[in-house]
Amino acid sequence: MGSMEDLRVTECTRCPALVDSRSRIVNGTGPADADVLFVGEGPGAREDERGEPFVGRSGSVLDDQLRIVGLDRDAVRITNCVRCRPPDNRDPTTDELENCRGYLESEIDRLDPAVIITLGKVPSEHLLERSVAVTKEAGAIEEIRIDGTPRRLVVCVHPAATLYDRSQEETFAAAIERAADVAGVDGTESDQTRLDGFDRSG
Ligand code: URA
């Protein structure tokens, strides 16, 4: 298993537009042996400022849902398809996604996660290598191959989608729940209820 340092990109100038727009390279965070890997699109303004993925409004939505399903943010790994903030928050281009693909693939390879959750259309299409209707496909478990190794992937809507459209909240929550199930995470409220019951009767 690689160390966290191995998973960091410290110098890269492959994408001229992103070199201009970024203040820093935003690497993935979380343990180098996490079972669960979230993959977003790319850093936004807050992430670029702080040097950490999902620390803005989308990050709060993600954190809340992680807590609900019993996943601790400190126990999961969170990364992005591109590590530098695109100008004006535009989507990364195909070239930019390809330029950064090797970094993402080595992160996946070294982490060896039980499940990868793609947050939104860009990461879903990037890793599945096909077009994806994320709202319709959210919660679907897919198998992808990275360097020949099969990996389980759960499609999810982007957390920001729940901020624009409240009806996406349930879709988002159900997909994260499904991913926690696939990863074998068992921190649900029902367990807590059972424990509480046991304590009282003991
Ligand atoms: N949206 C993303 O896709 N990634 C981040 O890191 C933050 C917001």
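By class, the shell around the ligand has two nonpolar, four polar and two charged residues. Here Ala, Val, Leu, Ile, Met, Phe, Trp, Tyr, Cys and Pro count as nonpolar, Asp, Glu, Lys and Arg as charged, and the others, Gly among them, as polar. The model is predicted: local features need pLDDT of at least 70, side-chain atom pairs count only at pLDDT 80 or more, and totals for chains, interfaces and linings use all residues. Numbering runs from 1 along each chain as its sequence is written, and side-chain values use heavy atoms, with hydrogens and water left out.

Start with the ligand. Around it stand Gly 40, Glu 41, Gly 42, Glu 47, Pro 53, Phe 54, Asn 80 and His 158 (each has a heavy atom within 4 Å of the ligand). Now look at the backbone. A polar backbone atom of Glu 41 is 2.8 Å from a ligand oxygen. A ligand nitrogen is 3.0 Å from a polar backbone atom of Gly 42. Phe 54 places a backbone N or O atom 3.0 Å from an oxygen of the ligand. The ligand alone exposes 230 Å², and the protein buries 92% of that (areas by the Shrake-Rupley method with a 1.4 Å probe).

Next comes the space itself. The ligand takes up the largest pocket (more than half of its atoms lie within 2 Å of the grid points). A pocket is an open set of points on a 1 Å grid over the protein atoms alone, with protein on both sides within 12 Å along at least five of seven lines; a cavity is a set where a 1.4 Å probe fits but cannot get out; lining residues have an atom within 4 Å of a point. The largest pocket has a volume of about 570 Å³ (the space filled by probe spheres set on the points, which are joined across faces, edges and corners). Of its 20 lining residues, Gly 42, Gly 44, Ser 58, His 158 and Ala 160 are the closest to the centre. The lining has seven nonpolar, seven polar and six charged residues. H2 gives the most to this lining, with three residues (helices are DSSP runs of H or I, at least four residues, numbered from the N terminus).

The structure holds one cavity of 30 Å³ or more. The largest cavity has a volume of about 120 Å³. Of the 15 residues lining it, Cys 12, Cys 15, Arg 22, Cys 84 and Cys 100 are the closest to its centre. H4 gives the most to this lining, with four residues.

Methods
A polar contact is a pair of N or O atoms within 3.5 Å; within protein, one must be able to donate a hydrogen and the other to accept it, and residues adjacent in sequence count only if both atoms are side-chain atoms. Helices (H or I, at least four residues) and strands (E, at least two) are DSSP runs, numbered from the N terminus.
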